[in-house]
Amino acid sequence: MLLRGPLTALLFLIASSSQGQISVSYHQLSLPNGLRVILHEDHALPIVAVNLWYHVGSAREEAGRTGLAHLFEHLMFEGSAHVPVGMFDQWLEDAGGDNNATTSTDRTDYYEVIPRNALDLALFLESDRMAYLIDSLSPAKIDVQKDVVKNERRQALDNQPYGRAFETIDEKLFPPEYPYHWPVIGSMEDLTAASYNDIATFFKTYYSPANASLVIAGDIDTLNARKTVEYWFGDVPAGKHVDGMALPMPHRDTATYIVQEDNVQLPRLYMAWIAPRKYAPGNAELNLVSLLLAGGKNSRLYKRLVYETQVAQDVTVFQDEMELCSKFYIIATARPGHTLAELFTMIQQELDRLKREPPAARELERGVNQIEVSFLDQMERIGQKADQMNEYFVMTGNPDYFHEDLSRYSKIDAGAITAIVLRYLRDDGRVVLSVVPPGQRNLAVQNPPAPGQ
């Protein structure tokens, strides 16, 4: 019988260590050109995940030249010296593989999940565009992809209900010079203004072995996989090493209230705070706070706003975890006939209760259990495990940080939850955005008067 789901992952993890601790074996090497490589054998299925991180995201851009990191997510599929336009996807599909890419504030990730006999193909494709992409790019190709990205922005942000909300929050949450102030996708004006030289310089600066890490995980033989990596990437020019960013977390001591009219049916409330970066002290506690507030039907905000009082259509709480700092969000959509002020009042009451009273042990345990189940489920998926190993390597220096990551949550007590809410979810440190239908600003949360007024 083939076991599926978290149970499979749990059995594997327990068996992987005599002490029952999570341990993922790996082999690590660095090529002379600076490419860091992590190899992990997992023979559960005859597939392999190739996960290549370039350590560049929108945070590496400058005001006036935003959107370049995300633009390259598109340009990287436009052919290279030995790969005609359109054949990157086609050759992988013909081999039975799948591939995609994502861009964030801190990195751009290119990945393939392939049958084990297609590893050479995936590494050839990745190495060819690493070494030769810029030589095959013409201004005409770049202009086409600029238009594609602009259309993506129109669909995902400008013409999407509530689509401008997160961009608006970032502009208010972070000072203009901070690299999380602008959106990952960039602005229309900056994309138009970016010249061929701007784009070529960006690629030559960041798209090199010295600024990349590669994880290969799955049904591989470590020695053979190492030889394959050395064959395909060994002659790629190193490029320049790019130092990591080391900016302090911004501090806010004032609250900002914004009202934004949009083409929406129902008003929606956004509350956002700056939080510690991923894996830093306080990060795990705030992940637990998000589950206490909205992690299922028994969570505090869902139970009160959606189930009991029925003032809200939905409520979501989460952290957007990043390398320099994170963002903590509470988002709730009002039901017809209710205002965002009603939602805001109830959310404020629940936050105040968390600041006064530590959560019950059973409530805390439920949150930790939810994290463990989700954690184990992700480890069972080879593509997600490869990506997680790359993240661990980049942010902690240890590709096998699984046990340390998960154990952060078992060490949290109820008092730590109260302390972290008091410290980071302050009334004077947040941005509160009300998105309302046109002409219905009366549904918004109004800026409360300053103390003493």
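At what angle do helix H10 and helix H16 pack, and how far apart are their axes? I opened my notes on this predicted model with that pair, and I found that H10 (residues 283–294) and H16 (residues 414–424) pack at an angle of about 95°, their axes being 10 Å apart. Since angles of 65 to 115 degrees count as roughly perpendicular, I wrote the two helices down as roughly perpendicular to each other.

I then looked up which residues make this contact. From H10 come Glu 285, Leu 286, Leu 288, Val 289 and Leu 292, and they meet Ala 416, Ile 417, Ile 420, Val 421 and Tyr 424 in H16. Sorted by class, the contact of H10 with H16 holds nine nonpolar residues, no polar ones and one charged residue.

**The sheet**

Next I traced an open sheet of five strands, whose order is E7-E11-E8-E10-E9 and whose pairing is mixed. Strand E7 (256–261) and strand E9 (312–320) stand at the edges, and because each has a single partner strand, one side of each is left without a neighbour in the sheet. From one strand to the next, the twist averages 15°.

Within the sheet I followed strand E8 (residues 268–275) and strand E11 (residues 430–436), which run antiparallel and are joined by six bridges. On this pairing I noted Trp 273, which stands opposite Arg 430 in E11. Helix H11 (residues 300–308) packs on the sheet, where it touches E9 and strand E10 (326–334), and the direction of H11 makes about 160° with that of E9.

**Salt bridges**

How many salt bridges does the model contain? The count comes to 22, and I looked at several of them one by one.

In one of them the side chains of Asp 219 and Arg 116 meet, at 2.6 Å from N to O. This pair links distant parts of the chain, 103 residues apart, with Asp 219 in the loop between strand E6 (212–218) and helix H9 (222–233), and Arg 116 in the loop between strand E5 (108–115) and helix H4 (119–136). I also checked accessibility: Asp 219 is buried, with a relative accessible area of 14%, whereas Arg 116 counts as exposed at 51%.

Another salt bridge brings together the side chains of Lys 327 and Asp 170, at 2.9 Å from N to O. Lys 327 lies in strand E10 and Asp 170 in helix H6 (residues 165–173), so this pair ties together parts that are 157 residues apart in sequence. Both Lys 327 and Asp 170 are buried.

I went on to Arg 300, which forms a salt bridge with Glu 363, the closest N and O atoms being 2.8 Å apart. Because Arg 300 lies in helix H11 and Glu 363 in helix H13 (residues 361–379), the pair ties together parts 63 residues apart in sequence. Arg 300 counts as buried at 9% relative accessibility, and Glu 363 is buried too, with a relative accessible area of 13%.

What surrounds Lys 327, leaving aside residues up to four places away in sequence? I found that Lys 327 touches Asp 170, Leu 173, Phe 174, Trp 273, Phe 318, Gln 319, Asp 320 and Met 322. Its relative accessibility is 5%, and since buried means under 20%, Lys 327 counts as buried. My last entry is a distance: Lys 327 and Leu 443 are 116 residues apart in sequence and 25 Å apart in space, C-alpha to C-alpha.

Note on methods
Residues are numbered from 1 along each chain as its sequence is written. This is a predicted model: local features need pLDDT of at least 70, side-chain atom pairs count only at pLDDT 80 or more; totals for chains, interfaces and linings use all residues. Side-chain values use heavy atoms; hydrogens and water are left out. Axes are lines fitted to C-alpha atoms, for helices over the stretch in contact, and angles run from 0 to 180 degrees between N-to-C directions. Helices (H or I, at least four residues) and strands (E, at least two) are DSSP runs, numbered from the N terminus. Angles under 35 degrees count as roughly parallel, over 145 as roughly antiparallel, 65 to 115 as roughly perpendicular and the rest as oblique. Contact means heavy atoms within 4.5 Å. Ala, Val, Leu, Ile, Met, Phe, Trp, Tyr, Cys and Pro count as nonpolar, Asp, Glu, Lys and Arg as charged, and the others, Gly among them, as polar. Two strands pair if DSSP finds at least two bridges between them. A salt bridge is a side-chain nitrogen of Lys or Arg within 4 Å of a carboxyl oxygen of Asp or Glu. Buried means under 20% relative accessible area, exposed over 50%, partly exposed in between (1.4 Å probe, protein chains only).
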